[in-house]
Amino acid sequence: MKEQNSDTQKDRNFDDLAERFSRTIYATPRGQLRLMALEQDFSDCKVDIAGKQILDIGGGQGQFSLSLARQGGDISLCDISDEMLRLAEDLFDAESQPLTARSGRLQDVDSIFPGQFDIVLNHAVLEWLEHPFEALPVLASKVKASGWLSLMFYNLHGHQWRQIMNGRTHAPESANPRLRKEGNAPQHPLNPDDIESAMTGLGFELIRWRGIRCVHDHMHQKIRERIGQDAVNRSDLETGLQEPHRRLGRYVHFLLRKAQ
């Protein structure tokens with residue numbers, strides 16, 4: 001884990017939490033719902049995968065990239081965490097899927113993987129950066145003309161609503177100071193309207209806006225247990241595409257297309 005100074009928190013490196021993330025996020029209903037939502041968006045928007053060059057920036061353990069590899073995508077993945085990369089390589093090796101994985105920061109991606117790609121993924125990364133909006137031109141530059149950018153980020157509105165539901169009625173716009181200090185909470189929840197405006201200015205059209213975990217995270221656990229996870233998932237996948245509910249998702253997924 002990188003050192004932190006007293007004034008500002010550096011971009012988060014998850015070497016120390018890689019195994020925990022594998023157990024507590026990706027192997028849980030929350031993580032499975034995230035993957036289902038992403039897969040549905042790619043399917044609904046008819047994103048061609050087979051034979052396409054795909055770059056996963058900050059790809060972590062590569063769960064979603066693996067689903068694209070199964071469809072014939074050529075996957076390149078970079079992450080700041082060497083431990084995450086090791087887990088990604090193990091995951092791909094277990095299914096005999098090819099993967100080009102390299103260590104490095106998002107800000108240095110052009111030297112790590114030069115050139116442009118048909119599809120660029122950036123999932124749950126922006127909110128961990130000290131200067132998230134500075135990363136958007138970097139992401140945009142890696143997408144070919146008419147290519148796709150899949151951008152998922154921690155949602156300011158969902159964060160604030162969750163805080164209110166937990167009794168913090170002033171609804172802070174930043175992470176809990178204690179959790180941020182410990183490095184376990186996203187440090188910069190993001191307003192989706194601001195992200196959309198920035199990406200439009202960079203030459204992208206927003207094709208799909210989805211809220212992820214609009215229902216799951218705001219429904220009492222006992223109710224989720226009573227109606228069953230399948231019912232929760234169906235409701236979340238449907239509600240996540242509807243205004244105003246999609247604005248309350250814990251995460252937002254933007255599927256954007258670059259102009260020719």
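This is a predicted model: local features need pLDDT of at least 70, side-chain atom pairs count only at pLDDT 80 or more; totals for chains, interfaces and linings use all residues.
Local features need pLDDT of at least 70 and side-chain atom pairs count only at pLDDT 80 or more, while totals for chains, interfaces and linings use all residues. Residues are numbered from 1 along each chain as its sequence is written, and side-chain values use heavy atoms, with hydrogens and water left out.

Me: How many residues of strand β4 are buried?
Reply: Strands are DSSP runs of E with at least two residues, and helices are runs of H or I with at least four, numbered from the N terminus. Buried means under 20% relative accessible area with a 1.4 Å probe, protein chains only. Strand β4 covers residues 117–123 and is mostly covered. The buried count is seven of its seven residues.

Me: What does helix α2 reach from its first C-alpha to its last?
Reply: The expected span is 1.5 Å times one less than the number of residues. Helix α2 (residues 29–44) has 16 residues, for which 22 Å is expected. Its reach is close to that, at 22 Å.

Me: Which residue just after α2 takes a positive phi?
Reply: Among the buried residues of α2 are D41 and F42. Just after the helix, a positive phi of about 55° is taken by K46.

Methods
Buried means under 20% relative accessible area, exposed over 50%, partly exposed in between (1.4 Å probe, protein chains only).
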